[in-house]
Structures are given as structure tokens and as C-alpha cells.
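I opened this entry to record what I looked up in the structure.

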Amino acid sequence: MIKKYRKKSIVVEVVQWNGINRGEIEMFCGHDNVEFKVEILSDSTLGLQLIVKTLEGDMVASRGDYIIKGICGEFYSCKEEIFEKTYGLILKEE
């Protein structure tokens with residue numbers, strides 16, 4: 001029998017990776033949960049690649065991805081378009 005479930009309403013903390021906000025990401029996730037590597041961008045300039053250490057293994061975050069702190073304190077990345085369809089900004093603390 002197929003059952004339907006609704007996702008429980010939870011509040012998460014997030015930071016969006018923009019390619020240059022390394023300090024903000026490190027403060028949010030902690031040094032042990034992320035890694036940064038130098039990458040060569042398409043126009044031959046150097047940039048930073050963000051690797052988030054998730055419960056399922058290392059995950060490369062693209063610029064624009066949101067880094068989410070989960071309900072158990074874990075971190076993971078989410079593509080911007082999925083994030084915007086799934087989450088809404090809280091204007092006031094509930």
C-alpha cells in the first residue's frame with residue numbers, strides 16, 4: 001500500500017556559497033566540516049572550490065549552492081533552485 005507523507009516543518013540555518021565567502025562558511029560549518037581547494041575557472045583565473053563533509057561523504061558545492069545545517073547539526077549543500085522551491089525565508093523569529 002502506498003502512503004503519503006508531508007515533510008515536517010523545521011527551521012534550518014543556511015549560508016549561500018558565493019565563491020569568496022570562505023570565512024563566513026568556515027565560521028558557520030566549523031573548520032573540520034569543510035575543505036577548500038584552489039580551482040582554475042573557465043577564464044583561467046583561480047577560484048576556491050568548497051567541499052562539504054556530509055554524513056554521506058564529501059560533497060562539492062557549486063557557487064550559488066546553499067550550505068544547510070541539518071536538524072542533527074550535520075551540514076550539506078543544496079542547489080539554489082531546489083532550495084528556493086523547498087524553503088522560505090523567516091522574516092521574524094518564530
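Is isoleucine 40 buried or exposed? I found that isoleucine 40 counts as exposed, because its relative accessibility is 66%; buried means under 20% relative accessible area, exposed over 50% and partly exposed in between, with a 1.4 Å probe and protein chains only.

I noted that this is a predicted model, in which local features need pLDDT of at least 70, side-chain atom pairs count only at pLDDT 80 or more, and totals for chains, interfaces and linings use all residues. Residues are numbered from 1 along each chain as its sequence is written, and side-chain values use heavy atoms, with hydrogens and water left out.

I placed isoleucine 40 in strand E2 (residues 34-40); helices (H or I, at least four residues) and strands (E, at least two) are DSSP runs numbered from the N terminus. Leaving aside residues up to four places away in sequence, I listed Thr45 and Leu46 as touching isoleucine 40, a contact being heavy atoms within 4.5 Å. I also checked serine 9: its C-alpha atom lies 40 Å from that of isoleucine 40, with 31 residues of separation along the chain.

Glycine 57 is partly exposed, at 27% relative accessible area. Its C-alpha is 9.8 Å from that of tyrosine 76, 19 residues apart in sequence.

Lastly, I examined strand pairing, which requires at least two DSSP bridges between two strands. E1 (residues 13-16) pairs antiparallel with E5 (residues 66-69) over four bridges, and valine 14 has isoleucine 68 as its bridge partner. E5 is also joined to E6 (residues 75-78) by four bridges, again antiparallel.
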